[in-house]
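Please examine the sequence and the model shown here before reading the explanation.

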Amino acid sequence: SEDVNNLAYNEMISDAFNKSWLPAFFSLNDNLALLSEKYASTPSIGLTHAQSASPTTFGKRFAYFLHNAMESISPLENLVLDAKMSGAVGNNNAVMASCPNFDFPKYAKEFVESMGFTYTSIANQRNSHLRIVFLLKQIAAVNTVVGDLAENISGYLSLGWLNQKAVESHAGSSVMPHKIN
């Protein structure tokens with residue numbers, strides 16, 4: 001039931017976040033940091049509302065996205081998913097009736113915490129999953145920053161500020177093999 005499911009889902013989400021998503025996030029940020037430094041003194045015209053504006057540097061453009069990505073993920077720095085292990089209605093009724101002398105609340109707390117989660121002592125049939133919702137909202141915020149970065153890179157390509165290199169083994173598309181994606 002939910003006592004098992006909430007722990008299993010937490011494990012899957014934690015693994016996906018820590019072993020897949022977070023390393024990709026930090027790899028992107030490492031690249032943004034390198035580009036920020038590499039182009040720190042390369043002059044560039046600023047753009048506001050798709051029009052030329054005051055001068056800036058090309059490195060500052062990458063630093064801007066790096067900063068926003070780090071700001072978006074900072075609320076997750078100390079996030080620990082929570083979990084319950086308290087039976088169908090949150091009172092451990094079945095365990096308490098069958099083993100009245102066993103300190104199941106202590107056991108449940110130690111077990112949940114041994115898995116790396118915060119123990120939720122007051123629960124009902126299901127865990128609230130509010131921390132999972134919070135995690136996913138922050139990932140969505142980071143994805144907004146990355147989407148903006150992708151749009152800007154596309155714009156820089158269209159303006160000729162960046163160029164793409166063809167890779168011999170890659171075809172642009174089935175109908176335009178000369179195109180670079």
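This is a predicted model: local features need pLDDT of at least 70, side-chain atom pairs count only at pLDDT 80 or more; totals for chains, interfaces and linings use all residues.

Residues are numbered from 1 along each chain as its sequence is written, and side-chain values use heavy atoms, with hydrogens and water left out.

Helix H1 covers residues 2–38 and has 37 residues; helices are DSSP runs of H or I with at least four residues, strands are E runs of at least two, and both are numbered from the N terminus. From first to last C-alpha, H1 reaches 51 Å, close to the expected 54 Å, that expectation being 1.5 Å times one less than the number of residues. H1 has a kink of about 35 degrees at Trp21, shortly before Pro23; the bend is the angle between axes fitted to the seven residues ending there and the seven starting there.

Asp3 and Lys84 form a salt bridge with closest N and O atoms 2.6 Å apart (a side-chain nitrogen of Lys or Arg within 4 Å of a carboxyl oxygen of Asp or Glu). Asp3 lies in helix H1 and Lys84 in the loop between S3 and helix H3, so the pair ties together parts 81 residues apart in sequence.

Within H1, Asp15 and Lys19 are four residues apart, about one helical turn, and their side chains meet in a salt bridge at 3.6 Å, N to O.
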